[in-house]
Amino acid sequence: MRRLRRLTHLVLLCPFSKGLQGRLPGLRVKYVLLVWLGIFVGSWMVYLHYSSYSELCRGHVCQVVICDQYRKGIISGSICRDLCELHKVEWRTCLSSAPGQQVYSGLWQDKEVTIKCGIEEALNSKARSEAAPRRELVLFDKPTRGTSIKEFREMTLSFLKANLGDLPSLPALVGQVLLMADFNKDSRVSLAEAKSVWALLQRNEFLLLLSLQEKEHASRLLGCCGDLYLTEGAPRGSWPAALPPLLRPLLPPALHRALQQWFGPAWPWRAKIAIGLLEFVEDLFHGSYGTFYMCETTLANVGHTATYDFKMADLQQVAPEAAVRRFLQGRHCEQSADCTYGRDCRAPCDRLMRQCKGDLIQPNLAKVCELLRDYLLPGAPADLREELGKQLRTCTTLSGLASQVEAHHSLVLSHLKTLLWKKISNTKYS
C-alpha cells in the first residue's frame, strides 16, 4: 500500500518536474540578460560620470597655465609665490559646474578658501601643448608695453562704464582697482600687475565681488594670481547644493523641495537666512555701483555661515543691468524665450517689431519670493503661515516695469522682512 502511494506521488510530480526543467534554461537566459544589461548600464553611467568629471575638473591645467605665465613674468599677483613656488595653496574638492570656470575648495594660510580660475582658451585649443601660449595671447594681451598709468586708468574707467553704466561713483571704483593692482605694495603698477588685474576684470564674478565688497552677503576676496583668485570658503548650502554638480539636474523639483524640508535648517534659522537674502536683493537694487540682476535664482545659491547669516553661494549668474540691457537691445525675437539672459532674466518680445524690450518680466524680488514660498512655507508656524503665504503671493506678482520698481517693491520687501523678523526677534535665532 505504501509503495503504491509513493509511486502515485512520483507519477504526479513527474509532469511538474519536466515542466520546471523545461523552463529553467529560459529563466537562466532571462536572468543572464538582465544581469548583463545592468552591468552595461552601470558601466556606461560610470564612464559618463568620469568623462564628464575629467572635463569639469581640470584644476591641474589651470595651475600649470597660471604658473607658466608667472614664471615668464607675464602676470603677477598677491598669491603667485604661494601658489607656484612655495606650493602653500592646497587644492581639495572640485566644485566646478562648467568646464570653463574651475572652482575648487582649498586651504591657504590655515583658512578654508574657494579657488576660481577660467580655462576656456586652454580647453578649447585642439593641441594641449599650445594652451599656455594661446592663453597668453588671448587673455593677457592688455595693456600693452608702453601704456602709461593715466592711459590704464582711462582704459579701466571706460571698461567699467560699459559694464556697469555711466555712474558718478565709478572713479572711486577705478581707484580701488589700481590699489588692488599694486600687488607688491611698492606704490607703482607694473605691466604684469596691470595685465593681471585687467584679466580679472573680464571675469564677471570678480567684477561683481569688487563692486559688492562692502556688502556682508558676498564672499570676500583674499588674493589672486593672474586671473585666478581666492575667496572665503564656500558657504554652507541647502541639501541639494551639497550634491555633485552632475547629479543636481537629475533631481526633480518636488524631490529638491522634500529634501530641503527633511535635511535643511530648522524653520527659524531658515527665516533668518531668508531675511539675509531679502537684504541682498536690496543691495543689488540701486547700490553704489548700479543695479544688478539675479539671472539664476535657485536654492543652490542660497548659502549661509555657521551662524545662519545669508551668503550668496555663487555670483556667476548675477549680472549688471547695463550688461543685460546691452544684450537685449535690438535683439531679434519671435517669443519671450528668445529674450533670455542667463537662465531666467527674461524680457518681453515686441512681436510687431520682432525685437526684445528693455524691462525684465520678473524683477529680482519676484523671483526670490517664488523661491521663498518653497523654502519658508513648509514648517512655518501656524499663526504665521496664512499671512506669510499672502505676502509671498503678492510679491511673486511684481513686474519689472520701471514704474513699479521704486516704491512698490521697497514696500513689499519691507513688509516681508518685518513679518519674519517679528517672529524670530528676541529669541536665540535672532
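The following legends describe close-up views of a predicted model.

**View 1. The crossing of helix 7 and helix 9.** Helix 7 spans residues 170–181 and helix 9 spans residues 204–211. Their axes come within 11 Å and cross at roughly 110°. Because angles of 65 to 115 degrees count as roughly perpendicular, helix 7 is described as roughly perpendicular to helix 9. The crossing of the two helices is right-handed. From helix 7, the residues L173, Q176, V177 and M180 take part in the contact, meeting F206, L210 and S211 of helix 9. Sorted by class, this contact of helix 7 with helix 9 comprises 5 nonpolar and 2 polar residues, and no charged residues.

**View 2. Helix 8 and the elements that cover it.** The buried residues are A192, E193, A194, K195, S196, V197, W198, A199, L200 and L201. Their cover includes three helices, namely helix 6 (149–164), helix 7 and helix 9. It also includes strand 4 (221–225) and strand 5 (228–232).

**View 3. Strand 5 and its pairing with strand 3 and strand 4.** Strand 5 is mostly covered, with 4 of its 5 residues buried. Strand 3 (residues 111–118) runs antiparallel to strand 5 and is joined to it by 4 bridges. In this pairing, T114 has T231 of strand 5 as its bridge partner. Strand 4 is likewise antiparallel to strand 5, and 4 bridges join the two. Here C225 stands opposite L228 of strand 5. The hairpin of strand 4 and strand 5 has 2 residues between the strands, and G226 adopts a positive phi near 60°.

**View 4. The loop between strand 2 and strand 3, with Q109 and D110.** Strand 2 covers residues 101–108, and Q109 lies in the loop that separates this strand from strand 3. Q109 is not a glycine, yet its phi is positive, at about 50°. With a relative accessible area of 48%, Q109 is partly exposed. D110 is placed in the loop between strand 2 and strand 3. The phi of D110 is positive, at about 60°, although this residue is not a glycine. D110 has a relative accessible area of 77% and is therefore exposed, the cut-off for that class being over 50%.

**View 5. The cis peptide bond between K142 and P143.** The peptide bond joining K142 and P143 is cis, with omega of about -10°. P143 is located in the loop between helix 5 (131–138) and helix 6.

Terms used: Residues numbered from 1 in each chain as written. Predicted model: local features only at pLDDT ≥ 70, side-chain atom pairs only at ≥ 80, totals over all residues. Heavy atoms only, no water. Axes fitted to C-alpha atoms, helices over the stretch in contact; angles between N-to-C directions. Parallel < 35°, antiparallel > 145°, perpendicular 65-115°, else oblique. Left-handed = near helix turned anticlockwise from the far one by under 90°. Contact = heavy atoms within 4.5 Å. Nonpolar A, V, L, I, M, F, W, Y, C, P; charged D, E, K, R; others polar. Buried < 20%, exposed > 50% of the residue type's maximum accessible area, 1.4 Å probe, protein only. Pairing = 2+ DSSP bridges.
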